[in-house]
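User: Hi! I'm new to this one, could you walk me through it?
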Amino acid sequence: MKRIAAVLVSGLLIGAFAASHAKLPPPPPKSDAEKAAEAEKAAATKSKEAAELTKAQDKAVSNYKKNAASMDRKK
């Protein structure tokens, strides 16, 4: 029984090793429309993140200015 289990486990390990080194086919080349859509999406994401960062920075500055006086700091 132990011998059968050992053979099965070794077979599974060999199969897993072979599968992990298998080569996948390359993705199909993107068309100009797909490239443009991807670039547009990246630009929109970048501008949204920049707007969120600016909003967070403004909130942090206003919070600092509001609480600086109560902490005996100069403005």
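Analyst: Happy to! One term to begin with: buried means under 20% relative accessible area, exposed over 50%, and partly exposed in between, with a 1.4 Å probe and protein chains only. This is a predicted model, where local features need pLDDT of at least 70, side-chain atom pairs count only at pLDDT 80 or more, and totals for chains, interfaces and linings use all residues. Residues are numbered from 1 along each chain as its sequence is written, and side-chain values use heavy atoms, leaving out hydrogens and water.

User: Thanks. What share of the chain is buried?
Analyst: Buried residues account for 1% of the 75 residues.

User: And how many helices and strands does the chain have?
Analyst: There are two helices and zero strands. Both kinds are DSSP runs numbered from the N terminus: helices are H or I with at least four residues, strands E with at least two.

User: How many residues of α1 are buried?
Analyst: Zero of its 19 residues, so α1 is hardly covered.

User: What does the chain span along its principal axes?
Analyst: The C-alpha trace covers about 80 × 45 × 15 Å. The radius of gyration, taken over C-alpha atoms, is 29 Å. A compact globule of 75 residues would have one near 11 Å, by a rule of 2.2 Å times the number of residues to the power 0.38.

User: New topic: which residue forms a salt bridge with K30?
Analyst: That's E38, with the closest N and O atoms 2.4 Å apart. A salt bridge here is a side-chain nitrogen of Lys or Arg within 4 Å of a carboxyl oxygen of Asp or Glu, and the count comes to one.
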